Amino acid sequence: MTSKRLPSGGLIDRGTTVRFNFDGRSFTGHPGDTLASALLANGVRLVGRSFKYHRPRGIMTAGPEEPNALVELREGARREPNTKATEIELHDGLVSASQNRWPSLAFDLMSINGFAGPAISAGFYYKTFMWPKSFWEKLYEPLIRRAAGLGRAASQPDPDHYEAMHAHCDVLVVGSGAAGLAAARAAGEAGARVIICERDFVPGGGLLLSPADAAWRGDMVNALEAMPNVEILTRTNVFGYYDHNLLGAVERVSDHKAEPDQHEVRQRYRTFRAKQVVLATGASERLIAFPGNDRPGAMMAGAALTYLRRFGVVPGRNAVVFTNNDSAYETALALAEAGSGKVTLVDVRSQSALAAAMTARGIDVRLASEVAYFDGKTALVRRRGGAGGDKFVADLLCPSGGWNPNVQLASQSGAKPRWEATLASHVPGESVQAERSAGATKGIFGIGAAAYDGARAGREAAAAAGFAKAQDFALPERGPAEQPIAPFWEVKASGKSFVDLQHDVTAEDIRLAHREGFSHVEHAKRYTTHGMATDQGKLGSLVGSAILAEARGEPVEAVGVPTHRPYTMPVAFGALAGHASGAHFQPVRRTALNDWHLRNGAVMQPTGAWLRPFFYPKPGETGWEPIFREARAVRSSVGICDVSTLGKIDVQGPDAAAFLDRLYINTFSTLAVGKCRYGVMLREDGIVFDDGTTSRLAEDHFLVTTTTGNAAPVLEHMEFHAQTVWPELDVQFCSVTDQWAQVAVAGPKSRETLAAAVDGLDLSNEVFPFMGVGEGKIAGVPVRLFRISFSGELAYEIAVPSGHAETVWEAILAAGKPFGIVPYGLEAMSLMRVEKGHAAGPELNGQTTAADLGMGRMMKKSGDVIGRVLAGRPGLADPGRPRLVGIRPVDTNKRLRGGAHIVREPGSGTSMGWVSSVTQSIEHACWIGLAMVENGEALKNQRVFAVSPLHDESVEVTITSPHHVDPENLRVRA
Amino acid sequence: MHLIPCPYCGERPQDEFHYRGDATVKRPAPDAGEQAFYDYVYTRANPRGWHDEWWQHYAGCRQWIRVRRNTLTHAVAASAGPADALPEATP
Amino acid sequence: MSAPERLSRFPASRSLSGGRKGSDALSIVEQHAALTQITARKGRQSDVASIVARALALELADPGRATNGSGRTAIWVQPGSWLIRAPGSERGELSTSLRQSLDGAAAVVDQSHGRNVIEFSGKHAQSVLARLCRLDLHDRAFTPGASASTIVGHVSCQLYRLESPVPSFGLIVGSTFAEWLLDELQAAASSHGWNFQPVRNAAA
Ligand SMILES: [Zn+2]
């Protein structure tokens, strides 16, 4: 136990103790701790094993850049892998486990990989697990999975809820450090709507490490909380910056609880549409590559300061701080103040004005020096580039290679990062969207300077959003300027110097990538997997680039870093899916008769967004029995079916008829009022788009029906042509699909049934013939009647204002009772339409022309029609194209399959077409089908084969007319 | 999620719109012949940069609007109603 | 007409006081309304406006607005087209009388059964709607009288803000989507802690 809790200091509540569990052991901590700080306070040094070499690893950072301390959080259905101990807010009852170790953390058999070191170099997987192919599934993949596993996902459904929320604001501030708080305050004082997002559970960022600024932080947070126009969101990480100033974030609403409260979501996916954005995301400390920089006890200097100042934890006893810049001096001081053991400060720079002050505090300062080796117990410190050196007992080694401004979001917004030599890092480039960076994000360090810059950015952002009022408020003092950083990336000494700890990428791997031709930074990244782990290279990406640059003989800025893309931090799929899972996955559309179907035992099936009754099984019925019973009732007597899902479009205006003439291949201007007509419309490329019946209700008033699936596309097609192609036509139309429920009453007894139900309309064949349209009343409800048929029987469709649908449906059922009326579902309807040979979805598949479907002669002789010209292209007009035909098996015991190929001889490799729809027929007591067959007309009555290699089936079939039932069409006119 | 400025409804998120593509092609006269219709349906310049496109505000005012969008940057310079013209050119 | 009229299957309009975050009432009430869509013929927009103003004492709204007059509301839906909302007692008759007075100046289509009208109100109404809708409904951005055709709960909706001391919104949705939307509204509100119960005296 080399780390421990200090008796005082930090932002933890020592008065309260919380219990938690790590790898089966119980520990205690305090509110305000992270899992990482609590583990350190308990002296836990080893928290995980590395990805490739299974090297033991300890806590390296205090934030989202953590590469090592990945743990499985919670148990059972709530188990979540790959969470960072440095990001987990401690709570009572927290259960966590280390991962990527087998069989246990302390004794890991896989660490043999480390001894096999050189074998597992960059590109190892690409080179090794290639041949033979048959080894992949059985040997390589399981091996890699075991070796590579980064935690286990829960295997049960996630019991928690997630949701999305969309916010708008004038100024979005990302980050609540000195710059962020000042920016939000300035924008808020100006009157703008401000949202400030903080990833952490406490606002303050770097202020949390500065006891001297605690009062200012408190004042600022209080002032912001008092402003009604400012919203502070903590635990909210902004992960992406998208086009048109849209930013995405995840709010971890209840990750700090064992279980969410009742009605509470676990995480909330948030979007922000901001007029202006201030990025105050701070900076991340970068690694130095030296042998053993991954050993437990290695901890970034800034992280060590965080554990000391924020959590009151001393992360080690004897410390070596290794730096090329001033910031780590504060870590050395804080360690010395904590007063446990020896503190050595190793600075690569040959001069430092701060050295004397350090020495005065008992810190051993070694200038112009470097750390050549660290093994967790001792560190070797030598003159830069020299040999030998002094060995120091050290259980804590704190590197600081300088600070990288967190330019990720700015970069995602389109601002190309710019190299800033004084920082040896990138700063945000020129803004492309309405954003500006402030404070450390922009390379302005120190609390006072960052706050001053943040206030400026907040004022400017508010003014740009239209809020110019400026109001001064107190800002912290600006400190003295720092000494220049000495760019320093790697200590050249033997041993593994890591640039990516999570993916075990070493400096040597980068050089290997270069030697093997992967010299572009994007190629080197993918070849070595550098920066591709869940910490996304926050610690070492630039270090890797510098090593690559040296190998290429170019400056770092010429090599650059890989492009920053969302997400800045890992995001759970559950959060992105939000509420839209399970029953809420997509909208459900219910007809007005939905309740009746449910009450009467219908088996409901989603078809697109709609819920439709498939059939209404009676007790004991199985398989096709209910379908046959329903279809037989229609063919022999009468049935009733909910066809409300048909698209219905009300078309009016003096030019309504002219408009429809251009939409459909056939003519509607000649249709008499009170009649309807079947129509076919094409796409402009000549392929059939949709079909349906259109009724003329008045000289200038039509009702168009579409297929269920095409209701929305047909309306958009009509709108496009009316608005943009023929704006001169005086025509108005709108969807009335939901206004009218529609019911089909079909079968030889349908007229008698309706005669008993309908008032005010004579249904006799003379007065109301096939394709007639009329109005009447059923049960007092005014309805429209259409004499049309999909089943091939005498049939009617009745349109009823949807609120009265059930009344009318029940009245028809009562009227049909003497004839044994039955409700029939989609399956019986489909059976009958295949028997009748009506083309539907499988035939209107976006490949067929009107001629292919046997409707070529419907095309009117003259006039402008959408699709007419291109339908005439030779390829589409070729009479040899697949044509719609019927098929029946020669052996009536054989079943047919949709999707089967039509061939001359079994085993023939040449397909003549395909089977589009099949059903068991009640008219023919065998399977029947519709097919698209080349030269189908000429093949009538010939025998061919329907082959389905998937089922290893080959069925001899006879080509017939597609009309398996009543080809003369007498029944519908009876 | 882009913002599309509808000339009737103002800026709206992209998921309220359906995209149709090139708004510079014009449906030929019915007797213009096969090649003219072929070009209308299939031939596209696919420019890098500013492009005039049809977008339908299907979840809003249902108008097919012309949108001048930069295919490289996704910036939108202008929009116009179905029967209205976009400005001459965008630099 | 005596036949019962079905609204959505939503058992009854609902409201409840007392969520997890306080005691602010939130209510979802389904309204029985008459709805008629009128779309002006080419070049007849101003005729339509003056006829409706005369016949119903109702100004037709500008784009993005809804106007009130004599207990009815005119909601702009698209260029030249408005949805007129009137009390449920005017179902049928509203379309008939508009068809008569407009006399060919506009296409008149009854949508009383084609759309359901839901009123949603409460101090946190905007916060709940922010889970379902991407528009900015803040007090500064979407004031009473503002109206938008937009997507709410993944379906197309006419959304408008009512005159009311607490934030109140009208939602007009295709009747076949009404149940879906009501379920989504409840779910979005429940994550705030509200749990809806039927209330008496609400529309059946
Ligand atoms: Zn619009």
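Q: Let's start with charge pairs. How many salt bridges are there between chain A and chain C?
A: This is a predicted model, so read every value as computed from it. Here you look for a Lys or Arg side-chain nitrogen within 4 Å of an Asp or Glu carboxyl oxygen. Chain A and chain C share five salt bridges. One to click on is A:Arg193 with C:Asp136, where the closest N and O atoms sit 2.8 Å apart.

Q: Which elements of chain A give two or more residues to the side that touches chain C?
A: Strands E9 (162-174), E14 (267-279), E33 (647-652), E37 (732-735) and E41 (781-786) of chain A do. E9(A) gives the most, with six residues. Sorted by class, that side of chain A has 19 nonpolar, 21 polar and 13 charged residues.

Q: And how many residues does the contact take from chain A and from chain C?
A: Contact is about heavy atoms within 4.5 Å. It takes 53 residues from chain A and 47 residues from chain C. The area buried between these chains is about 4100 Å², with carbon and sulfur atoms giving 50% of it. There are also 22 residue pairs in polar contact across this interface, both residues at pLDDT 80 or more.

Q: Now chain B and chain C: what area do they bury between them?
A: About 970 Å², 59% of it on carbon and sulfur atoms. On the chain B side, B:Tyr8, B:Arg12 and B:Ala59 supply 38% of the area that chain B buries against chain C, more than any other three residues. The contact takes 13 residues from chain B and twelve residues from chain C.

Q: Which residues form the salt bridge there?
A: The rule finds one salt bridge between chain B and chain C. B:Asp15 pairs with C:Arg134, their closest N and O atoms being 3.6 Å apart. The side of chain B that touches chain C divides into seven nonpolar, two polar and four charged residues.

Q: What lines the second largest cavity?
A: That cavity holds about 110 Å³ of space. Its lining has 15 residues, with A:Leu40, A:Arg45, A:Gly297, A:Met299 and A:Pro315 nearest its centre. They divide into eight nonpolar, five polar and two charged across the whole lining.

Methods
Residues are numbered from 1 along each chain as its sequence is written. Chains are lettered from A and ligands numbered from 1 in the order in which they are written. This is a predicted model: local features need pLDDT of at least 70, side-chain atom pairs count only at pLDDT 80 or more; totals for chains, interfaces and linings use all residues. Side-chain values use heavy atoms; hydrogens and water are left out. Buried area is the accessible area (1.4 Å probe) that two parts lose on being put together, summed over both. A polar contact is a pair of N or O atoms within 3.5 Å; within protein, one must be able to donate a hydrogen and the other to accept it, and residues adjacent in sequence count only if both atoms are side-chain atoms. Helices (H or I, at least four residues) and strands (E, at least two) are DSSP runs, numbered from the N terminus. Ala, Val, Leu, Ile, Met, Phe, Trp, Tyr, Cys and Pro count as nonpolar, Asp, Glu, Lys and Arg as charged, and the others, Gly among them, as polar. On a 1 Å grid over the protein atoms alone, a cavity is a set of points where a 1.4 Å probe fits but cannot get out, and a pocket is an open set with protein on both sides within 12 Å along at least five of seven lines; lining residues have an atom within 4 Å of a point. Grid points are joined across faces, edges and corners, and a volume is the space filled by probe spheres set on the points.
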